[in-house]
Structures are given as C-alpha cells and as structure tokens.
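Please report on how this model is put together. Take the helix packing, the sheets and the ligand site in turn.

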Amino acid sequence: MSESPKVGFVSLGCPKALVDSERILTQLRTDGYEISPTYEDAGLVVVNTCGFIDSAVAESLDAIGEAMDANGKVIVTGCLGVKAEEIQAEFPAVLAVTGPQAYEEVVGAVHQHLPNQQAHNPFLELVPPQGIKLTPRHYAYLKISEGCNHRCSFCIIPSMRGNLVSRPVGDVLEEAERLVAAGVRELLVISQDTSAYGVDVKYRTGFWKGRPVKTRMQALCEALGSLGVWVRLHYVYPYPHVDHIIPLMSEGNIVPYLDIPFQHASLPVLKRMKRPAATENTLKRIAHWREQCPELTIRSTFIVGFPGETDAEFQELLDFLDEAQLDRVGCFEYSEVEGAAANALPDPVPDEVKHERFHAFMEKQAAISQQRLAQKVGKTLQVLVDAIDDGEAIARSQADAPEIDGLVYIEDGGSLPVGEFVNVRITEALEHDLVAVTL
Ligand code: SF4
C-alpha cells in the first residue's frame, strides 16, 4: 500500500487560531495528507502559533524549538508569524513562516516541501486536479470517510487506502460547524462512497451538541442541513436508501444536487467493472427522484472503451443518456491503472474505437446538457458569488459544483460581495454557463 504523506500539527492560541488550524487540516486531509500524532512519523510539522502575550510568544517559540529538534522540517503560521524575522533569526532552518488566516499559503508550503506523490488520476482523486490552487474561503470540502469497501475492477483505491473507515459523525459535524463559523458558505461532502457512510461502524450512534446522531448519510445530511449553508453531496451511489435524502433536497435543507459516478449503463459492463449498485434500476430511480424533486441536478462520470465493451453495450450507454437526461457529465476513455484487476480482462477496445466512442458520447451529452441549461433562462436562482472580474460577478447556482460544473456570470454584479448568496434572473444560456442580472 503506498503511504500518504503525514503532517504533524501543533495548534496553540485562541479560538480564531483553532478555526485556522481546522481549515488547514481540512484542506490537507482533502489533498490526501494524513495527520500524524507524533513528530517522528511526520514528513514535516506545522506549528500554528500565538503571539498575543509574552507567555504565549514563549510557548510558541518553545513549540517551534521542540518541533525543530524532533522533526527538523517545520512550517510556522499563526499570529507569531507576523514576526517572521524574529522567528527566522532564532530558527534559521524553518521552511516557511506565514501570518494568521493564511491557510492558503500554509497548505501551499506543505505541498512544496512535502509533495504528495500520489499522481492526479481521474480514478483516484476526489477533488478537481487544481494543484495548489486552493479553494476560496467560502467553500470547503468536508471529508467524511477514508478508503472503500468496493472492489471496482479499474480502481486501486482500496489497495492504496484500505477499506472504508468512517470518521465519527460528531467530529465531522464539529468540523462543519467550525468551517461555517469561519465564513464557509458551501460544504462539499466527499468520500469514496458517500452513500456507504457508517457501514463500517454499523451506523453507530455518535453525539453532536449533546444530541445522539447516527453515523449514517441521512442523519449526517439532516444535521448538516441545519447549519444554514449549501451542503452538496459528491460520490453517491444509486442505492435505495438514497431515496430518503431527496426530501431533504426538495425541502431546501441540502442542495438538490447529486454527483453519482455511474461509469456505464450496460449491466454486463457494470458487472465487469464490479460496480456498486450495478443491478439497481437506475433509470427508474432517477425518474422517481425527479418526481419528488424536479429541480434536482444530476452530475455523473462515465468510462467508454472498457475492456470487452461491444457496439451494442456502447449503444446502450448512449440510449441511457437520452433517457436519463443528466445535467452535467464527464467522460473518460478507459486506460489501465497499474495494479488494477481490470488490466487482466480480455478484449481490450482499440484506441481509435475508444476515441470514436468518446466523441459520440460527448456530442450526444453536450446537446442534452445545453438543452437542460436553456430551460433555466427567465428563472430566478440563488447563486453564490465566487469572484469579481472585469466589472461582473462570477457565481454558481446550486446546480454547479466548484471547478467541475458551470458558472453564472452576473453582468451588473461588479459590486456584489464575494462569498455571499444573491438572487439573480437568468437572461441567457451559453454552452456550459449562464448569464444573469441582479434583481
Ligand atoms: S467505489 Fe469503486 S471506484 Fe470508487 S473508490 Fe471504491 S473501488 Fe474505487
């Protein structure tokens, strides 16, 4: 099993510094780092310091000294970081010094000094391959578990990261609460299989704010839905129990958006892929969800050219696209991943056939996505402002996950506050994005 790089973390100071620490740890976990409880096992140590009073300064300097002695690779952040020269004078070998609320720089420094060698691979990554371009402060990925109990034949995650280990539900909810307190307006729930949350601990009851909460997707969603921010679910499989989440979406507790990596539609291909929920009647399920929640956005990814994929099986996939009318879709041509069981499957699909299928797939889906987007013209939507550029606001609607989906350009939104919600009227649909004006 290839090891994830480990980061040691020392957090000193006030609740504000704790929020910073939480933000840094969340991002590091999302980027595939593990947090080490000891200096010795860590590839480097981050010390989040306090510089409020002299005793706090002394404590921070002690902590830096201890980490330098025990580990030798240290990044300093937090309030004392504003006195970078003093720190560097005392500890010339520290790797980097940043100030408070500088979590982007800290995480950037970790990436630089302890690169995560696990290559960006569409089959392995949970978050978009954004390198060290970090998420803006108003949205955050919330990782709810590690590893996976499935054994999809094209995937090596279980051999790299082991079986499913769900994080305690109380920890996840506390982290979510702190992120919201720090200004996060959108939580992106990620894991290898979000619908399997809690299976490993038999849906054990945990506690949050003194109340019992089950370690289960539905209970987690209900609790997250009470935080008053957008909650978006990624990597959900079409199991029957997902039906229980849909009312939370239609009632506005969580964002009506499901990211379901279907990967294929033909049963024999899904079986060769050893996909979870392969035998579910997906089309029926989607129709049922849309009946309950018409505004539901479904995003998915597919693989074309999987070993043994026949013309008829590929046609089944195209027919599925017609029927399913998915909103957002990504597609990969199948390629071998070192160590994956699928490498031993017979009948590889020739590259030129893979390309042809990819283009046929994309052409069909582009028309569907565009048509679905066009239906939004004239509607009023709530959007979250991500940035201001050249006099207009760049925002996203509930149908758009950051980095992977579309954008909403608000033509008269140059003075809107970044990181806040605003209602807009959609005036035009482009190929992937929408144009809007403020109300
Ligand atoms: S569900 Fe399948 S593809 Fe996803 S991580 Fe688990 S084994 Fe890999």
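## Helix α11 against helix α12

Helix α11 (residues 311-324) packs with helix α12 (residues 351-374) at an angle of about 10°, and their axes lie 10 Å apart. Helices are DSSP runs of H or I with at least four residues, strands are runs of E with at least two, and both are numbered from the N terminus. Axes are lines fitted to C-alpha atoms, for helices over the stretch in contact; angles run from 0 to 180 degrees between N-to-C directions. So α11 and α12 are roughly parallel to each other. That class takes angles under 35 degrees; over 145 is roughly antiparallel, 65 to 115 roughly perpendicular, and the rest oblique.

The crossing of α11 and α12 is right-handed (the near helix is turned clockwise from the far one by less than a right angle; left-handed if anticlockwise). From α11, the contact takes Asp311, Phe314, Leu317, Leu318, Leu321 and Asp322. From α12, the contact takes Arg357, Ala360, Phe361, Lys364, Gln365 and Ile368. Contact means heavy atoms within 4.5 Å. By class, the residues of this α11 and α12 contact are 7 nonpolar, 1 polar and 4 charged. Ala, Val, Leu, Ile, Met, Phe, Trp, Tyr, Cys and Pro count as nonpolar, Asp, Glu, Lys and Arg as charged, and the others, Gly among them, as polar.

## Basis of the model

This is a predicted model: local features need pLDDT of at least 70, side-chain atom pairs count only at pLDDT 80 or more, and totals for chains, interfaces and linings use all residues. Residues are numbered from 1 along each chain as its sequence is written, and side-chain values use heavy atoms, with hydrogens and water left out.

## Helix α10 against helix α11

Helix α10 (residues 282-292) also packs with α11, at an angle of about 15° and with axes 10 Å apart. α10 and α11 are therefore roughly parallel to each other. Their crossing is right-handed. Thr282, Leu283, Ile286 and Arg290 of α10 meet Phe320, Glu323 and Ala324 of α11. The residues of this α10 and α11 contact divide into 4 nonpolar, 1 polar and 2 charged.

## The open parallel sheet

Five strands form an open sheet in the order β2-β1-β3-β4-β5, with parallel pairing. Two strands pair if DSSP finds at least two bridges between them.

Strand β1 (residues 6-11) joins strand β2 (residues 34-36) through 3 bridges. Here Gly8 has Ser36 as its bridge partner. β1 also pairs with strand β3 (residues 44-49) over 5 bridges, where Val7 stands opposite Leu44. Another 5 bridges join β3 to strand β4 (residues 74-78), and Thr49 stands opposite Gly78. Helix α2 (residues 54-70) packs on the sheet, touching β1, β3 and β4. The direction of α2 makes about 180° with that of β3.

## The closed barrel

A closed barrel of 5 strands runs β16-β17-β18-β20-β19, with mixed pairing. Neighbouring strands are turned by 50° against each other on average, direction ignored. Strand β19 (residues 421-429) and strand β20 (residues 434-438) run antiparallel, joined by 5 bridges. Ala429 stands opposite Leu434 in β20.

## The ligand shell

Which residues surround the ligand? They are Cys148, His150, Cys152, Phe154, Cys155, Ile157, Pro158, Gln192, Tyr237 and Arg275. A residue is near a molecule if one of its heavy atoms lies within 4 Å of it. The shell has 7 nonpolar, 2 polar and 1 charged residues.
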